[in-house]
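Reader: I have the sequence and the model open. Please take me through some of the contacts and the sheet.

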Amino acid sequence: MTITADPVLSAPPPAPADTPTQRPARRSIKLGMWVGVAWLAALALCTLFAGQLSFVRGYDTKLKVGGKTGRYNIGPGTRAWMGTDSSSHDVFARCIYAARITLTIGVLATVIGLVLGGVLGIICGYYQGWADRLGSIVTDSLLALPPLLLALLLVYRMDDLNKEYSWLHWLTREWEITLTLGILAIAPFARIARAQTIALRDREFVLAARSLGAKSSRVIAREIVPNLIPAMLTVAVTGLGILVAAEGALAFLGLGVQRPLTWGKMISDGQRDLGRAWWATIFPCMFLFLTVISFNLIGDRLARRFDIREAAI
Amino acid sequence: MAGTGTAHLRNAADTLLRVENLVVEFPVGRTGLKVNAVSGISLDVLRGETLGLVGESGCGKSTTGRAIMQLPRPTSGSVSFEGKELTSMGGDQMREARTRMQMIFQDPISSLNPRRKVRDIVMEPLTIWKRGTKADRDQRVDAVLEEVGIDPQRAAESQPHQFSGGQCQRISIARSLVLDPSMIICDEPVSALDVSVQAQVLNLLEDLKARYGLTLVFIAHDLAVVKNISDRVAVMYLGKICEVAGSDELYRRPAHHYTNVLLSSIPVPDPSIAVQRHPIEGEPPSPVLPPPGCRFHTRCPAAEDRCAAEEPQLREIGDGHFVACHFPVHGGDAPVAVRSSSSAG
Amino acid sequence: MSLNVSQAATRDSGDPLLELRDVKTHFRTPRGIVRAVDGVSFTLDRGKALGIVGESGSGKTILSRSIMGLLPPKGAIRSGSIKFEGREIGNLGRKKMRDVWGKEMAMIFQDPMTSLNPLMKIGKQIAEPLKIHLGMDNTSALATAERLLQDVRIPEAHRRLSQYPHELSGGMRQRVMIAIALACGPTALFADEPTTALDVTVQAQILDLLEEQRKDRNMSLILVTHDLGVVAGHTDEIAVMYGGQLVEMAPTRVLFANMKMPYTEALLQSIPKIEDPSHTRLMAIGGRPPDLVNPPRGCRFAPRCPYVREKCENEMPPLEPAESPGHVYRCWYPVGSPEYLEFKERNEQAAAAGADVPVAIGGAA
């Protein structure tokens, strides 16, 4: 923005109204959000009720051609919408089942990042001083390491721990990946929580609460946290998309879950035969892509709705 | 203006608040420099009195108000409230003491949590301190809301943004009243409001003060507003007090040149009065590097060499009228703005 | 909103600089149509200063933006005629208005911090419009910028050219805004609450500066404010707005000496006076400004007026000329009329009788 005598440019927006350039953009963002919501809703319904839906085949159902199974024996078409994979399973059905574990990992990892990062960020922002310095060291080091490298290290280390200590038997690959992604998500959440807390802490209603004799814990719980929710929700939705994609990337590197499928695992399994049976790779990719973009579209809309600057994210 | 010194403090039995040599400094980043927001001021307020603190932005008046509340704690100096020293109190004691004094802020909307119902906001102090039973608390909140002119029913259903600025300020006042404090610090409570609403809020404060026997510290930059509500006024400039006097006395016979300038800068709502200004050029110097001697000497129309070298102390020039100036304005030289006008009023 | 208003308000010979006829600006909102400006007519002569006074929500800001063509494009319904130097500008598009902005009309705003670009040097911000509108080259634009800074009394003008807004104080920033507004020599300067964010001493300086520049440049000044005190000493004429309408307009001295509209009177009386002893009870206007989606049927001030009668509630009073030329008002029972005096006496008796005045309540609804 430049300042000239042209008053439009220097004018603060006269009313909560759109300028002509903004309007189409805003409308398409709104539309984008609904497309995203529609996709995720459909996916969630299919996934939850996969067993009851007639058009979704069973997880282990193998399709036979002439009474025999075979690698990629059916291409996309009326019999199997998205063809079959290397072991004659219906790709569409498997994509739906894979969504379960993919989304569960994504949501759990987001919750871990949100809770840990949020608490860390609020403490840093509210108390400042040495707490802030310590917290900043943690987040900065998390951000300084290449995320992929960090993920590899964490997963391998947890593999070892799992073997070493019997009480860690619950630490399956799914949990390892969930924890890893959750840890990776801490830093961004902590950053935004800290920035927002600092902005809120000097607001007069927070000062008013303190002048009423409220304890810090109460000030945080009653005055700060409710005002953090919009921003954190926005970051969480966008972050969910990123984490779903990250899970795919990890699976592609061979750090996939073992038995229940994820999209990432399907993509990494199918890509070897990409030339022979493109459908076994492309359709899981499509699911992943649509889901990630849906989260982003919704996140965008939320960010605008709550007026959260991208710089803060 | 510089005035340091405690000559103006009274030794009355019913002193509610006594501030001595209050200093508040903030570091400037990591430069090693500091903002001298408040540089050794002393004040006292008697029970039932209204003290006005007036000055331009950056003079430290709001910082003083907050330092009295220990939010944040002052760098040095003493704040004694109801006979107890606040600066040495521990956290829990301090929280308890804060219930006896309350604060109202400038921005009526920003001082209410946007995500809570208005009634809960007003109830909050009682909830924090678990006063009485639920029924007692409800009754108390309803009574206070009625008293400030807010419908309790509507308050239960609405959030702050559904009220106008003036109504939000009433809500803030209600919140500060529910704990029955003995003192309220009002930090520019009407400067964000339209004149017509400002009059409503000022009248409300006067009524509540009479009803509850409140003591007020009223911080504002508008001298006419301060004069209207205060018994005694302290004029501040760049972290120091320049003049303290009873409010009618101060406006009748301003002794400090800065007070004079402030008074003559007030726009007079009457075009038939040709205001004779005592103009000063420029704006206050930075509180990071305040001028030596009298802090006002760089802009003072009557400054002499002595003013730059020696800091004036507050001294009495009339009954309860104190000024920190080597060469005060002589009596009788009242600013032209203070003339009876025929049409106004 | 009778049309004779413009005649009443036009005193001098020659074309007025600005002529408004029945200007309406309404907004479509989910709640209904907001009649923000509802039929305003007046004229303003070249080189004069007009104060537009009213509470928030009176339509004063929307009116000044309607004249400037600075309304949001969406939801605004405009009608009526706005003539500037004899040319109809009420229906000009944004593109055409660009030629008017800066060169013929300029505006300064309340908050000098948000109106300046924080990342651009002061010199460049002033030079930009000179280059765009007057086609100056960089050197002469900067030289002009320096002269403008001197005009608005900024010390060390040359050094300031290369400073950023955050290096200046609030008063200095407002001076820079004025310099930018003056850059292309506008014939009319709109100032929307130009001093509300400033301290009293700085406010006085800025108002003096605006007046001095107006006289030097023979420019018209439109000062929009809620404070009658601000306009009293710095305008030739005052227009008082209430509920989207003009309720009184007069030359400044006439208005203060002989105000007709009880609202104007109440507005003046609600200001604390420095000459009154402390603890003087202020005359507050109870209640709240009208809802402009469903404005009152009669006089819009009727619900809050202490002198209200039945007629006021049912019939909207027209703008009528008063005795002195150029003075118009909108009231059935103006200040000084027998009906007014009768009710005033009644109110005073009531106040005296109810000695224990209850806590003043405004807008309890």
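Reader: How many residues of chain B are in contact with chain C?

Author: This is a predicted model, in which local features need pLDDT of at least 70, side-chain atom pairs count only at pLDDT 80 or more, and totals for chains, interfaces and linings use all residues. Residues are numbered from 1 along each chain as its sequence is written, with chains lettered from A and ligands numbered from 1 in the order in which they are written. Two residues are in contact if their C-beta atoms, placed from the backbone, lie within 7 Å. On chain C 46 residues take part, and on chain B the number is 50.

Reader: Which helix gives the most to the side of chain B that touches chain C?

Author: Helices are DSSP runs of H or I with at least four residues, strands are runs of E with at least two, and both are numbered from the N terminus. At least two residues each come from α7 (195-212), α8 (223-229), α9 (247-252) and α10 (257-265) of chain B. With nine residues, the one that gives the most is α7(B).

Reader: What is the bridge partner of Val53(C) in β8(C)?

Author: Strands β3 (residues 49-53) and β8 (residues 220-225) of chain C run parallel and are joined by five bridges. In β8(C), Val53(C) is partnered by Thr225(C).

Methods. Two strands pair if DSSP finds at least two bridges between them.
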